[in-house]
Amino acid sequence: MGLLGAVICGLAVGPTPIGVGRVLGDLASHVGLGHTTLSSLQSTVIWQLRAPRLVLGLVAGAMLSVAGGTYQGVFRNPLADPYLLGVAAGAGLGATFAIVDVGAGLSTPAWTPLLAFVGAMGAVALTWLVGGRGLRSNASSLILAGVAVSSLLTSLQTFLQQSSSTSIARVYIWLLGSLASSSWNSVTMVLPYVVVCTVICVLAGGALDVMSVGDDESRTLGLPVRRVRLIVIGASSLGTAAIVSAVGLIGFVGIIVPHIVRLLVGTSYRRLLQISVIFGAAFLVYADTIARTVMAPSELPLGVVTALVGAPVFVTILSLRRGDRR
Amino acid sequence: MSAVEVRELSVVAGGATLVRNVSLTVEPGTWCTIIGPNGAGKTTLVETLVGLRRATHGSVHVGGVDLASMNERTRARTVSLVPQHPVVPSGMTVHDYVALGRMAHHGLFRAASTSDQAIIDSVLDRLALLSMRHRDVATLSGGERQRMVVARAMAQSTMVVVLDEPISGLDLRHQMEILELLKREVIECGLTVIATLHDLTLAGQFADRLVLLDRGEVVLDGRSVDVVRSPELARSYEMNLRVVEVDGLDVVVPVRS
């Protein structure tokens, strides 16, 4: 129901007022039921602006949430989020390189998604190499390597950003994340990655339940821990990199949604990751609806809204659960 | 065929030889306890027996198959471990924790089958955990928690269970409770138990056989009654020990020098 509400919100709410009934009527007309009452402008707003934005919001919310939950499981660390191994810092550096005019025709803002993706995956690969060379790595060494790589890349990104005062604002806008530039093109670009990576992460829920007893005990229970870690981190990072390359750095979703879902359905990763897909998708669309409407026609940065909405929701559920236990 | 056969096993780590040239055979349906002072190599030997450490030299065969040739899943269906300091994840129920023991049987991507569930229920019943199956593991007492960890190992349905200090931190009643239920599994189900214990009296009373390790080497290997009464025992622990008989059972008493 929450997800359906998010879909309706995403399509019907916006600076151009279009009633829910007329949007639903238009949807029905596309499957041969009745006739649309929308003008061609309204139809363009719905199908070329709001619909791709809605779909990208759904897949971004789902991917960031499931990746956050997966990271929390694989590192047995409640503070883990999808950016733990340097995805954000790497993507930030790549995007800044594209946005800032470094001269000699080496960069152009049109390359932002591509360079953000390359930067994100490069950062994770570097973390993996530094943190113990692949299969021999353990969770702690990877986290520490992620911190080191993130710090290094963030400092490079800051240096690059400060070197070009004309593009600082554009870099900041990208860093705060936004769905404003969503298009069907960006949806088709990220969707294959997100579908495959989300499926892998959700299927790994059982393995993450086993890993909650630690690496050594997991191995005695029959889990090939290092191989599972490689696959799960690879899928989470790839999916996150794809999303980040399209929408920038949307913070807070990846850490807060799995925690809210855990409070609602318990600690089993089998259930937690499945529910996080749905909850995260709906959460980000609601947050985006707020971001693009409260100060219309200008927009709030999406990362600001996810934190402003997410933190009180999280604290409320946490206090309600504590009340239950008393 | 022996349940476990350790052949000339040596384990070297960080430049130190932790286990040196250990050979050991454990018959099916028997209980073998490894004793020895701190640093003797007991935990290293236990970790090698369940595949957590690789042998630097020699081999471990379980049920006639070299442990090194098995993948994780096969190994988990052959030998199970009750660790000295188990990780107990809060928020998980007792049932779900014990059910982790069936993962090696039903696989990662399939839920427990009805036969898996029947085994889990049977283990919960045998270890008196049925009534608390829906409780959060974080709410259990020390004794209940240790029963649950043993139950997870039992749910693996392995021919050999290895226990590293299974009664450390438990009061006397719960120590006896854990050891008695393991003994029952040995007698009634033909389970093979290899355990490390610090309590020499309980080690002697429950095990069919004692192996004394000292500085990574086997110093004594024999019937419990013989090992407990051997002067080598006091020498290895570097203290005065006296053995007194109470109701036909040997009790090892440390004596101040």
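## Exercises: a buried strand and a nonpolar patch

In strand S8(B), B:Thr192, B:Ile194 and B:Thr196 point one way while B:Val193 and B:Ala195 point the other, and all are buried. Keep in mind that this is a predicted model.

**Exercise 1.** Work out which strands pair with S8(B), and in what sense.

*Solution.* 
- Start with strand S3 of chain B, residues 31-35: 4 bridges join S3 to S8(B), and the two run parallel.
- Now take strand S7 of chain B, residues 160-164, which pairs with S8(B) over 5 bridges, also in the parallel sense.
- Zoom in on B:Ile194: this residue is the bridge partner of B:Cys32 and of B:Val162.

**Exercise 2.** Explain why S8(B) counts as largely enclosed.

*Solution.* 
- Then check burial, where the cut-off is under 20% relative accessible area.

**Exercise 3.** Over in chain A, find the residues of the nonpolar surface patch and say where they come from.

*Solution.* 
- The patch is formed by A:Leu126, A:Leu129, A:Val130, A:Leu152 and A:Leu156, with about 450 Å² of accessible area together.
- Helix H5 (112-130) and helix H6 (139-162) of chain A each give two or more residues, and H5(A) supplies the largest share, 3 residues.
- Take A:Leu129, which lies in H5 of chain A: its relative accessibility is 56%, so this leucine counts as exposed.

Note on methods
Residues are numbered from 1 along each chain as its sequence is written. Chains are lettered from A and ligands numbered from 1 in the order in which they are written. This is a predicted model: local features need pLDDT of at least 70, side-chain atom pairs count only at pLDDT 80 or more; totals for chains, interfaces and linings use all residues. Side-chain values use heavy atoms; hydrogens and water are left out. Buried means under 20% relative accessible area, exposed over 50%, partly exposed in between (1.4 Å probe, protein chains only). Two strands pair if DSSP finds at least two bridges between them. Patches are made of residues with over 30% relative accessible area and no salt bridge: like charges are joined within 9 Å, nonpolar side chains (Val, Leu, Ile, Met, Phe, Trp, Tyr) within 5 Å. Accessible areas come from the Shrake-Rupley method with a 1.4 Å probe; for residues, only the protein chains shown count as cover. A salt bridge is a side-chain nitrogen of Lys or Arg within 4 Å of a carboxyl oxygen of Asp or Glu.
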